[in-house]
Amino acid sequence: MNQKKAYLSLGSNIGDRLHFLKQATNRLNEHGQMTVMNISSVYETAAWGFENQNDFYNMAVEMSTSLSPEALLEVCQSIEIELERVRDIHWGPRTIDIDILWYENVEMDHENLTIPHKYLLERPFVTLPLTEIAPDVSVAGVKVSTVAAHHEKAKEKCLKLNHVINVHT
Ligand code: ADP
Ligand code: MG
């Protein structure tokens, strides 16, 4: 089967955030048509918009997959739904958000799916984890590593944690 490389962004700000990141990573890896190849550190990011929100935990993963971008999005969304079900509060932010950041040789702007992700280079909580595992990925000629270096100096809180997530831990 033709394997393609793709990068995903995972975020959580409810309950046991590490648990949800681990669960999502394992489920992605357990899917028959994809494998988790590489995992970034976990970053803690201040949430903005709502009060009384937990900080976010964010990370990036590299996938090898035979799924199309559309099918990959469906898998990501079904994992989001599965992990929603175990949450004990029915309001507020989600337990897990899984976004497709980049997919090998694909550029698309459809109603339900934009690749590369619209905000790939906008947010420190995306560029800092991503540059660990994909420094050379670029959007319109701008490298992730270049933008991440700027973001590192920014004041916005985005803290690299010591937790390391492995598949099946
Ligand atoms: P957000 O990720 O922006 O916080 P959601 O996870 O609710 O919000 O996503 C909203 C919609 O974004 C999804 O229904 C999906 O169709 C669309 N979308 C467009 N491009 C992408 C992408 N690259 N990865 C994930 N979702 C995407
Ligand atoms: Mg999303």
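Helices (H or I, at least four residues) and strands (E, at least two) are DSSP runs, numbered from the N terminus. The views come from a predicted model, in which local features need pLDDT of at least 70, side-chain atom pairs count only at pLDDT 80 or more, and totals for chains, interfaces and linings use all residues. Residues are numbered from 1 along each chain as its sequence is written, with chains lettered from A and ligands numbered from 1 in the order in which they are written.

**View 1. The cis peptide bond at Pro 116.** Pro 116 sits in the loop between β7 (114-115) and α3. The bond that joins Ile 115 to Pro 116 is cis, and its omega is near -5°. Most peptide bonds are trans.

**View 2. Burial of helix α3.** Helix α3 spans residues 124-133 and is mostly covered, with 8 of its 10 residues buried (20 or more other C-beta atoms within 10 Å of the residue's own; exposed means 12 or fewer, partly exposed in between; C-beta atoms are placed from the backbone). The buried residues are Pro 124, Phe 125, Val 126, Thr 127, Leu 128, Pro 129, Leu 130 and Thr 131. Their cover includes the strands β1 (4-12), β3 (43-45), β4 (56-65), β5 (97-103) and β10 (158-160), and also helix α4 (144-153).

**View 3. Positive phi at Asn 105.** Asn 105 lies in the loop between β5 and β6 (108-109). Although not a glycine, Asn 105 has a positive phi of about 60°. Asn 105 counts as exposed because it has 6 C-beta neighbours inside 10 Å.

**View 4. Positive phi at Ala 140.** The loop between β8 (138-139) and β9 (142-143) holds Ala 140. Ala 140 is not a glycine, yet its phi is positive, about 50°. With 7 other C-beta atoms within 10 Å, Ala 140 is exposed.

Note on methods. Two residues are in contact if their C-beta atoms, placed from the backbone, lie within 7 Å.
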